[in-house]
Every structure is written in C-alpha cells, then in structure tokens.
Amino acid sequence: MKRLRTVSLLAILMGALLGCQPQGPGGRLVVGSRTRIDSVDPAATYSFGALQLISAIGDPLYVIDAKGQLEPRLATALPRLSPDRLTAWVPLRQGVRFHDGTRFDAAAMVFTLERFLAIGKLSYLLGDRIVSVRASGSHELELKLRRPFTALPQMLSAVSLTPLSPTAYRSHDKRFLNDRFVGTGPYKLTFFADQQQRLEPFNDYWGERPANKGLDLVNLSNSTALYGAMRSGEVDVLLSTSLEGDQQLSLHQDAQRGRLLEGVGPALEIGYLTLLSDQPPLKNPLVRRAIAHSLDHELISQRVTHGLRPPLRDLVPPSLSGSEPTAWPAYDPAQARRLFEQAGYCRGRTLNLPFTFRSNIPADKLFALIWKEQLRRDLGDCIVLEVSGMESTTAYRQLGEGAFASILLEWMGDYPDADNYLQPLLGCNKAVGYRCLEGPSAASGSFWTRPGLNEELLLSQSLEGSERIELLRRLQRDTAAAAPYIPVWLVAPRAWAQASLSTPVFDGSGRVVLSQLQQRPAASRPAP
Amino acid sequence: MSRRRQLLGYLGSRLLLAPVMLWLIATLVFLLLRLAPGDPIDALLGTRAPEAARQALRQQLGLDQPLPAQYGHFLADLVKGNLGESLTNQTPVLEVIRQSLPASLELGLCALLIAAVLGLAVGFSGIARPEGRLDLAGRLYGIGTYALPPFWAAMVIQLIFAVWLGWLPVGGRFPATLMPPSGSGFYLLDSLRAGNPQQLAGSLRHLVLPASTLGLLLSGIFANALRLNLRRVLRSDYVEAARSRGLSETRVVLRHALPNALLPVLTITGITVASLIGGALLIEVTYSWPGIAFRLQEAIGQRDYPLVQGIVVVVAALVVLVSVTVDMLVAVLDPRIRF
C-alpha cells in the first residue's frame with residue numbers, strides 16, 4: 001500500500017512536470033534565434049542577434065523600408081547639405097521620449113554619436129566620415145563631414161547609432177552598459193540575460209504601438225535545438241541566423257505546405273571567394289579568370305543550399321543601386337579550359353590550388369567538397385582543388401598575412417549601400433602597381449588593386465544619381481575582369497512563424513520588424 | 001605522531017601546493033593563449049577595421065605591451081583576486097563566472113546524483129548472481145554508456161523527448177515566458193527559497209534532459225566501479241569470516257562489503273565532480289545550457305584572453321579543492337591510508 005502511494009505520488013509529480021508547459025500571458029510571443037547576446041549596448045556589439053534586438057527597442061534616425069526606400073524615423077526629413085556638401089543638418093522629431101522619460105533632442109543625439117565615436121567598436125565607420133557633431137538647434141543636428149558623402153542617411157540608418165538616453169548613460173559615457181538599454185523604440189527592455197530577453201511595449205511610444213503584447217527572446221546555442229524548438233512549438237517565431245541548410249530547407253518546405261509561415265528579407269549578405277592575387281599561381285589574371293569561369297554557380301547553389309542561397313555574379317547585392325548583376329562571367333568550362341591552356345595548364349600540367357574553408361561553418365565545407373568534385377568532372381586535367389579546413393577566428397587572423405591561396409568568406413555591409421560592399425573589399429591605402437600593400441584589399445586576403453582604383457572608390461562615395469551608379473557598375477566590371485574575388489551566392493535572412501501568427505516581415509536592412517508580429521484571428525488561419 | 005596530526009600535516013602540504021599548481025596552470029594558459037593563432041582584435045573589430053583603429057584598441061586593452069609586462073600585470077592582478085575584464089564587453093570576469101558557474105554546478109550535481117543512483121543500482125543489481133544475466137546486462141550497460149559519444153546521445157535524447165514527444169524543453173535553462181528567480185544563481189534552490197512553484201517546475205523541466213543525459217553517460221563508470229570493487233571485497237578474508245560467523249548474506253553485503261567497496265567509488269566521484277565543472281561542454285552546447293564550459297568555449301573562439309584565463313584559474317582552483325576534499329574524506333574514512 002505504502003509502495004503504491006509512493007509510486008502514485010511520483011507519477012503525479014512526473015505528470016505535472018511534463019505536462020505543465022509554462023504559458024505566457026496571452027498575446028506575448030517567443031522569438032528564438034541562435035546568437036547569444038552578451039551586450040545590448042550599441043557601442044559594444046554588432047552581432048546580428050544583438051542588432052535585431054536593438055532594432056526593436058531603439059529607433060535610428062532613418063530606416064530602410066521593405067522596398068529599399070529610405071524613410072525618416074527620428075529624423076523628420078533627409079539631411080540638408082551645405083553647398084560644399086561638407087556640412088549636413090538633420091531635423092529631428094519632436095515630442096519623443098526615451099524609456100526613462102528623458103526628452104529626445106539634438107543634445108541627446110550628440111551625446112549618442114560622441115559616445116559611439118569614443119568607445120564604439122565600429123567607431124571608425126563614423127570617424128572616417130564625420131569630423132564633428134553638434135546641436136545646431138534644440139531639434140537639429142549638425143554633422144561636419146570629412147568629404148562629401150552620399151550615403152550619409154543610409155549610414156545614419158545603422159542600428160548601432162540609435163539614440164540613447166543621456167540620463168541613463170551619463171555614468172557610462174566611457175564604458176559599455178551591457179545589460180540595460182534606454183532608447184526610444186516601441187519596446188522597453190525589462191529583462192536581460194545573455195540567453196533570454198524580455199520586451200514590453202513602451203506606452204509612451206511616439207509612433208505606432210506594437211501589434212503584440214510583448215516579446216520573449218530566447219537564444220539557443222545550436223541549430224538543431226532551434227529547429228526542434230520551432231517544430232515542437234516551443235518558440236513562436238524563429239530567425240534563421242546560422243540555422244543549418246538542411247533545417248532551413250525543412251522549415252521552408254513546411255511553409256510551402258502551410259504548416260508554418262515564412263518571411264524572406266532582402267538578401268544583403270554575399271558569399272565570395274578570395275583569390276590571393278599577388279602570389280603565383282593566382283598572380284596570373286588568366287588563371288583567376290579561368291577559375292571564375294569554372295565555378296558552376298547554379299550547381300553549387302542547388303547542391304549546397306538547395307537553392308536557398310541564389311547564385312551571385314556581383315559584389316553588390318542586386319537589391320542595392322549600383323549593382324551589376326552579370327558583372328562576373330557565367331559558368332563556361334570551355335572558356336575556363338581555354339584560359340587555363342593560355343596560362344600553360346591542362347595537357348599534362350595540372351594546377352594544384354589550395355582551397356581553405358572555415359571548418360566551423362557547415363555550408364563552407366559542403367561548398368568545398370562539391371566544388372572540388374565539380375572541377376574534377378569539368379576540368380580534372382587542368383585544376384585540382386586541395387581542400388583544407390580551418391577554424392574561422394584563426395582563418396581571419398591569417399587572412400591579411402596572405403596565408404590562403406583561395407578561401408570562401410561572406411560579407412554583409414553595416415548599412416545597405418553599394419559603397420559598403422566595394423570599399424571593404426577593394427579599398428587600398430598603400431599600393432605598388434597592382435599589388436595592395438595596406439588597406440581593406442590586403443586585409444581581405446586578395447591584395448589586388450589597380451592604379452586609380454582607390455581614388456575612384458572615394459569618388460563614388462561623393463557622387464550622386466546616375467553618375468554614381470555608372471561608376472559603381474564600372475568598378476565592378478573592372479574588378480570582374482581581374483577576378484581577385486569571385487562572388488558565389490547571396491544570403492537572404494529568413495524567419496518562420498507558427499501558422500497561427502502573421503507572416504514575419506523584414507525591413508530593408510534585413511531585420512524582422514518584431515513589432516508587427518501578432519496572433520492572427522482564427523478565421524484567417526490556414527486549415528490544418 | 002598521532003593520526004590526526006598526520007592528517008593535518010597532509011592537508012597542510014596539499015593546500016600549500018595548491019597555489020603553486022594554480023600558478024603553473026595560469027602561466028600555461030597565459031602562454032598557450034598567446035601562442036595560439038588568432039587575435040582578439042580581429043574578434044572584436046573584424047578583419048576590415050583600419051590599422052589605426054586596431055592599434056588604438058590594442059593599446060586601450062594593453063595588448064601592445066611586451067609579453068613579460070602583460071604577464072606581470074596578469075599575475076599581480078591575480079594575486080589581488082582581480083581577474084580583469086572581458087575584452088568583448090568589459091564585464092568583470094568574476095561577474096561572468098558568477099553568472100555561469102552556478103549553472104554548471106547545478107547541472108553537474110544533479111547529473112552526479114542521477115549517475116550515482118543509477119550507476120550504483122546497476123552495479124549492485126548483479127551481485128547476487130555473478131556472471132548471471134543481470135550481471136552481464138549491468139556490465140554491458142557500464143561499457144555502453146561510457147562508450148556513447150556524448151553529443152550523439154544528447155541529440156538523440158533531445159530529439160525523442162523534446163522534439164518528437166514534446167514532453168520537455170529543447171534547451172535553455174529556464175522558460176522564456178517566466179522571469180528567472182534571483183539569488184544565488186542556482187535556480188532550483190532560488191525558486192524553492194522564493195516558494196514559487198511555477199519557477200521551480202520551469203527550472204526542473206529544463207534541467208531534466210541535460211542532467212539525465214549527463215547522468216546516464218556517467219552512470220556506467222559508477223556501475224562498473226562498484227561491481228568490480230564489490231566482487232573483490234566479497235572475496236576477501238574478512239567477508240568470508242563474517243559469513244562463517246553465520247551472518248546473513250544481505251547483512252554481509254550491506255554492512256561489511258558495501259562500505260569498503262564504496263571507498264574507491266568516492267574517489268571516482270571526486271574525479272567526476274572535478275571533470276564535470278568544466279567538462280560538460282558537449283552537453284551544455286547541445287542543450288544550450290549557459291554554463292561555464294560553454295562560456296569558456298565561446299571565450300576561446302573570441303580570443304578573450306582575460307575571460308579564458310579567469311575561467312581556467314577558477315575551474316582549476318575548484319578542481320584542486322574538490323580533489324583535496326576527496327583525499328581528506330577517503331583518508332578519514334579509510335584507516336588503512338598512510339601519508
């Protein structure tokens with residue numbers, strides 16, 4: 001009898017434990033992503049997950065909408081420029097309050113920008129372009145520029161520059177404030193831990209109120225756990241950051257069957273090959289061009305990512321002005337063979353090309369194996385890929401030392417503008433002929449430049465309209481002809497929501513607009 | 001010399017050696033980190049930051065100083081109990097450890113409890129009939145659980161119980177929809193102290209899968225250790241003597257054989273606890289458990305020197321402490337031990 005009682009008690013306890021899935025108050029949503037967030041200070045962090053969070057609790061001066069159009073947010077209009085375009089005045093919105101009740105004004109914006117310039121990890125992005133900031137009126141910001149800079153509003157749309165309450169950050173003007181955030185966004189951050197964050201709607205928000213009653217963000221450390229959490233219904237919305245290809249495909253297929261809802265954001269991340277262009281054998285442009293012709297973009301995209309990462313033949317994502325979608329050559333093994341032959345390969349002489357992939361990124365390894373086989377199939381007597389893996393932190397360290405003949409990398413600009421894709425790959429501060437000795441091109445591992453390229457890149461930053469677009473396109477065509485880089489694929493962010501919710505919507509910077517997530521009325525849900 | 005004085009002398013010598021051991025470990029970690037390829041500046045700024053920005057940050061973080069100077073500062077701070085600040089977000093290293101160590105200890109202790117109960121039960125079950133079916137099954141269990149790759153076992157268990165059956169959460173330490181209990185950082189303890197059943201159930205639900213997985217994987221060691229020791233002890237003279245005095249087999253096993261067979265198990269427990277503090281990495285990663293091993297792995301990836309050094313030193317100190325404690329316990333419990 002006693003034993004029976006103990007067993008029954010245990011069974012009840014187990015049942016309660018297994019059955020009592022804690023439920024949040026109605027209308028709150030759980031959003032899952034992979035990135036652990038170790039700071040919510042815009043000066044301290046630039047990880048995708050952290051910026052996604054800050055985009056919900058802060059407001060930048062400008063935003064880029066889903067159609068790629070620039071829209072004032074805490075600014076009320078585009079910057080007004082002086083005739084020499086070296087001074088910009090930004091009119092600011094009035095009647096905006098920070099989460100702690102402090103009034104948002106030009107002084108607050110000056111405090112934010114100066115703090116970012118002083119301690120921001122990416123302060124050089126701002127410091128390279130802006131000499132000084134001051135409040136030219138209670139709600140007007142004055143920026144002195146180093147040189148005319150066309151993409152200034154785009155830069156000011158960066159989430160890292162979201163205004164911070166001077167009252168709350170006064171004692172942290174020289175130090176990061178990692179676990180608190182006091183901005184002006186539609187949500188307030190009410191709890192922060194590196195694995196879990198709680199957002200509540202901000203009652204005094206100046207704009208449209210969030211469609212949901214609050215968000216609980218969870219960060220799980222591996223792709224399988226996130227995938228499992230979505231499938232089991234533990235999370236309502238899942239952001240695709242670092243989710244493995246097979247699992248993305250499975251969720252994509254579920255969305256096609258109506259079991260989930262899928263939102264796709266603008267593709268702003270590029271995957272590309274870097275070729276070490278100042279050392280043999282890739283010093284020879286014929287070899288680099290041959291390799292560019294040899295890459296079967298379509299096959300790679302299908303086999304590695306099931307088509308979820310579309311092929312790319314351009315360094316600037318097609319959604320941005322200034323892109324040249326067919327700048328790099330299409331797959332043409334016959335042309336590749338001709339070029340290899342001109343360079344003295346094939347017919348008994350094979351190019352053994354070392355190729356490094358980042359071993360901690362599954363898609364990179366798959367790319368390496370498939371490209372190797374594709375080359376063996378098409379040009380086995382001309383080129384053999386010698387594949388090796390390396391952990392990414394180590395690889396990045398050695399990139400600027402010219403350690404890799406060829407390596408697969410990815411890049412996403414800090415704000416969506418063509419300049420942010422060309423300058424970081426092609427810029428060069430010190431060069432001898434076609435060899436870049438110092439600057440972004442060397443740091444990127446290609447070491448390629450050409451006389452006049454850096455000046456043209458700087459010029460492209462100050463030109464406007466069609467003149468700028470034409471220059472950006474020409475720069476890419478020139479680069480494609482030299483092929484120090486070979487664009488491979490384009491990565492679009494994805495998010496999935498349970499069928500009872502609204503489809504996740506992205507802004508033009510590739511972030512889910514969390515304030516628009518909501519439960520759908522039962523009548524508008526798809527039949528199970 | 002009395003045994004008590006011998007014991008105290010032994011304890012003193014072990015405790016005196018501890019700082020030397022910690023200094024050696026700290027020096028080794030300091031050097032190895034700097035020898036390893038990779039640069040914290042790359043991890044902080046990315047490779048595309050201009051050289052001026054990189055230099056400025058290097059100077060700000062003191063990484064531009066010669067290695068002996070960096071080592072000197074590190075040791076001086078260490079002696080003062082200052083482990084420095086994380087390079088990535090300026091959080092004091094002690095604070096990071098204070099946040100993540102309780103998670104690891106909570107997981108480790110629960111896993112150890114499960115491992116001990118399960119392992120000892122399995123180890124003990126076959127004792128009635130050595131080489132019988134139950135004994136064979138216990139032996140297979142011991143080898144099997146020990147040989148299971150932890151990440152594979154964790155993923156399979158996660159898939160079955162969290163994804164397919166949906167009984168338990170996939171990962172994390174606490175339900176996203178609840179506020180975690182505040183206090184010591186041991187969620188079970190804190191929620192019990194707060195008297196909040198929702199928090200307690202939430203903590204338990206998240207703990208069940210990782211602790212069971214880890215416990216299951218470790219239980220084989222206990223099962224095998226107990227089985228082998230018990231069999232050895234049951235063949236010893238004093239047990240034979242007990243039997244010949246007409247004592248029942250149950251009494252012989254429970255009162256005479258088991259306490260002696262458990263002594264080596266105590267040593268194994270000590271070693272297991274020590275390895276669990278920093279060694280449950282695969283379980284922590286699979287279940288997104290925000291413990292110290294997981295944090296260490298991230299810090300290594302980011303080349304966050306102070307954080308790696310701090311975590312290693314603290315974990316090493318704990319390992320030394322546990323090892324000394326277990327040695328002392330064994331010495332107290334087993335009068336045969338000589339120093």
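Which residue is the bridge partner of Leu29(A) in S10(A)? That would be Leu215(A). Before going further, a word on ground rules: this is a predicted model, where local features need pLDDT of at least 70, side-chain atom pairs count only at pLDDT 80 or more, and totals for chains, interfaces and linings use all residues. Residues are numbered from 1 along each chain as its sequence is written, while chains are lettered from A and ligands numbered from 1 in the order in which they are written.

Now the sheet around that bridge. Strand S1 (residues 29-33) of chain A and S10(A) run parallel, paired over five bridges; strands count as paired if DSSP finds at least two bridges between them. They sit in an open, mixed sheet of seven strands, ordered S8-S9-S10-S1-S11-S20-S12 in chain A. S8 (187-193) and S12 (260-264) of chain A are at the edges with a single partner strand each, so one side of each lacks a neighbour in the sheet. On average, neighbouring strands are turned by 20° against each other, direction ignored.

| Helix | Strands | Angle |
|---|---|---|
| H7(A) | lies across S1, S11 (237-239) and S20 (494-498) of chain A | about 155° to S1(A) |
| H8 (245-256) of chain A | touches S12 and S20 of chain A | about 115° with S12(A) |

Zooming out, chain A has 17 helices and 20 strands; these are DSSP runs numbered from the N terminus, helices being H or I of at least four residues and strands E of at least two. Its C-alpha trace spans about 85 × 75 × 40 Å along the principal axes. Of the 528 residues of chain A, 52% count as buried, meaning 20 or more other C-beta atoms within 10 Å of their own, with C-beta atoms placed from the backbone.

Leu51(A), in helix H2 (residues 48-57) of chain A, is buried because it has 22 C-beta neighbours inside 10 Å. Leaving out residues up to four places away in sequence, Leu51(A) touches Tyr46(A), Val159(A) and Arg511(A); a contact here means C-beta atoms, placed from the backbone, within 7 Å.

Finally, the contact between chains: 43 residues come from chain A and 47 residues from chain B. The largest share of chain A's side, six residues, belongs to H13(A).

Note on methods
Two residues are in contact if their C-beta atoms, placed from the backbone, lie within 7 Å. A residue is buried if 20 or more other C-beta atoms lie within 10 Å of its own, exposed if 12 or fewer, and partly exposed in between; C-beta atoms are placed from the backbone. Axes are lines fitted to C-alpha atoms, for helices over the stretch in contact, and angles run from 0 to 180 degrees between N-to-C directions.
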